[in-house]
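Dear colleague,

I am passing on the structure we spoke about, and it is shown just below. My notes on what was found in it follow, with the cut-offs given where each term comes up.

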Amino acid sequence: MTAPRATPGGVRDVGVANWLACQVAGRVAGTGPPNLFLTLARRRGLFRGWLWFAGRLMPGGTLPRRETELVILRIAHLRDCRYEFDHHVRLARRTGVRARDVERVEAGPSAEGWTPREQAILAAADRLHDERDLDDDTWTRLRTHLTEGECVELTVLVGHYEMLATVITALRVQPDRPRRPGGR
């Protein structure tokens, strides 16, 4: 692995409020403060705006959390973004995503075992990744399972995690350290 291009900031670099937010995020994820968060927090106002925006998609979105995590994992897989993938495997476990689901995410929307809704969502994620658009057939199939508003949210979710994969890759964000036994 190559060295990070932008290193995670310390408390002086990111500010006390951002530092505390990163500490909490790490506890939730079962890691130390996420390197992505500490890197983004070097631009304090941008980080706070991003946190608010990202939080409206996950965990505060209207799509079921399991589906949100499946989409995030699929985009991370398609982008070959190990940081994002590993981080969300940990989070996805809490939403009912099991090891066999993760294997199917890697196989794609045509893998056996998806519900028709999950298949439509994952096919849309693939199409958005590959084409940066949805053809009419994909849209029609998606609309049989999602409301118009949910379709808007899904497209923003995919775009957001594509953007994060770009940032993580370009800045060479390093993997997060698991939290030590005993919660320290």
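R74 has its place in helix 5, residues 65–78, where helices are DSSP runs of H or I with at least four residues, numbered from the N terminus. This is a predicted model, in which local features need pLDDT of at least 70 and side-chain atom pairs count only at pLDDT 80 or more, while totals for chains, interfaces and linings use all residues. Residues are numbered from 1 along each chain as its sequence is written, and side-chain values use heavy atoms, with hydrogens and water left out.

With a relative accessible area of 6%, R74 is buried, a label that applies under 20% with a 1.4 Å probe and protein chains only. Leaving aside residues up to four places away in sequence, R74 touches V105, E106, A107, G108, P109, L122 and D126, contact being heavy atoms within 4.5 Å.

Turning to a helix pair, Y83, E84 and H88 in helix 6 meet Y161, L164, A165 and I168 in helix 10. By class, this contact of helix 6 with helix 10 has five nonpolar, one polar and one charged residues, where Ala, Val, Leu, Ile, Met, Phe, Trp, Tyr, Cys and Pro count as nonpolar, Asp, Glu, Lys and Arg as charged, and the others, Gly among them, as polar.

Helix 2 (16–29), helix 3 (35–40), helix 4 (44–57), helix 6 and helix 10 each supply at least two residues of the lining of the largest pocket. By class, that lining has 18 nonpolar, three polar and three charged residues; a pocket is an open set of points on a 1 Å grid over the protein atoms alone, where a 1.4 Å probe fits, with protein on both sides within 12 Å along at least five of seven lines, and lining residues have an atom within 4 Å of a point.

Best regards

Conventions:
Buried means under 20% relative accessible area, exposed over 50%, partly exposed in between (1.4 Å probe, protein chains only).
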